[in-house]
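Please read them alongside the coordinates.

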Amino acid sequence: MNDKTIRIGSNELYFDIGESSPPFIIAELSGNHSQDYDLAEQMVREAAKAGAHAIKLQTYTAESMTLDVDSGDFVINEADSLWAGEQLFKLYQKAATPYEWHAKLFSLANSLGMLAFSSPFDEDAVDFLAKLDVPCYKIASFELTDLPLIKKVAEQNKPMIMSTGMATISEIEEAVSTAKSAGCENIILLKCTSTYPAQASNTNLVTINNMRDAFDCQVGLSDHTAGIGVSVASVAFKATVIEKHFVLSRDAGGVDAAFSLEPNELSSLVIETKRAWQAMGSVTYGGSAAEEKSKQYRRSIYICQNIKAGETVSRSHVKVVRPAFGLAPKHLETVLGSTAKMDMLKGTALDWSKLVVKD
């Protein structure tokens, strides 16, 4: 491992996250389980089949998120929102993952080879997750300015993944400084666009490089766009973690279904981000070792019409064709006007030993 690599998990089940490994793919269950435990279990199993490295839950109750008020500030009034007109309290009630599910879902995920963790939304949730010995913690983008929560999480001595969402650079600085001051050095920031769904045009992936330089830490992507194109593109900016919301079927609904991946798409995400990571490589010219055999199919100079010893080589005698066992095409002008040392049949690869070159 290099110095920037972060190991998440235990001796029995862990992943090394960093530029020397393929992107770490997180399937976010969110509230897409619609509070049906059997459905949640099936989601975990399908995420494992798709090749996800981790599943993530959200740990909160409606009471810990907001107030039970059905007017004014507590109703979503944006007309273009997926949840327009929803009362916040009721929305969180139906999206929450019951606390009693966590241990069972975490255990199932681990048995299937995936890590499992969550986003706590208040300090009691942190204590609850600490008792389950989660391998890391995720801070949601809307909680990035909740510095007391970040301090509490950092004190658990586990890696932290933090979505940046609409945060300014100074707000990210405060969050990172708070985490480090509380003893957490293993921090991964996620570039995130906090619209649901997000558009590729406002994702601004180039920010990943700037964020990495500014905060000297790994940076990934929490992607709310449709499909996998944006996530795959983020690999070119060395995103080490990619988080996508997950659903078994968008047609079946779920609070986040509109911007969630289905199992076949999640599988494609795992495959294509790994391919993109493999493709990055290093600055290379002259072909790779794997291309060496292909050089024989370049062009070279061949006899295309039988010629006798002593004859002058004319354009009718030679042709530049594939393969490349003859003289390189750049020598054509020198070959023309030379004298054949021997009889040569059509299909003879030319080399200097077969010619007397004129002065």
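1. A polar contact is a pair of N or O atoms within 3.5 Å; within protein, one must be able to donate a hydrogen and the other to accept it, and residues adjacent in sequence count only if both atoms are side-chain atoms. The side chains of Thr97 and His33 form such a contact, at 2.8 Å.

2. The model is predicted: local features need pLDDT of at least 70, side-chain atom pairs count only at pLDDT 80 or more, and totals for chains, interfaces and linings use all residues. Residues are numbered from 1 along each chain as its sequence is written, and side-chain values use heavy atoms, with hydrogens and water left out.

3. Thr97 lies in the loop between α3 (88-95) and α4 (99-111); helices are DSSP runs of H or I, at least four residues, numbered from the N terminus. Thr97 counts as buried because its relative accessibility is 1%, where buried means under 20% relative accessible area (1.4 Å probe, protein chains only).

4. Beyond neighbours within four places in sequence, Thr97 is in contact (heavy atoms within 4.5 Å) with residues including Ser30, Tyr60 and His102.

5. His102 is in helix α4 and is buried, at 0% relative accessible area. Its side chain makes a polar contact with that of Thr59 at 2.8 Å.

6. His102 also takes part where α4 meets α5: Tyr99, His102 and Phe106 in α4 meet Ala125, Phe128 and Leu129 in α5.

Conventions. Helix = DSSP H or I, 4+ residues; strand = E, 2+ residues; numbered from the N terminus. Buried < 20%, exposed > 50% of the residue type's maximum accessible area, 1.4 Å probe, protein only.
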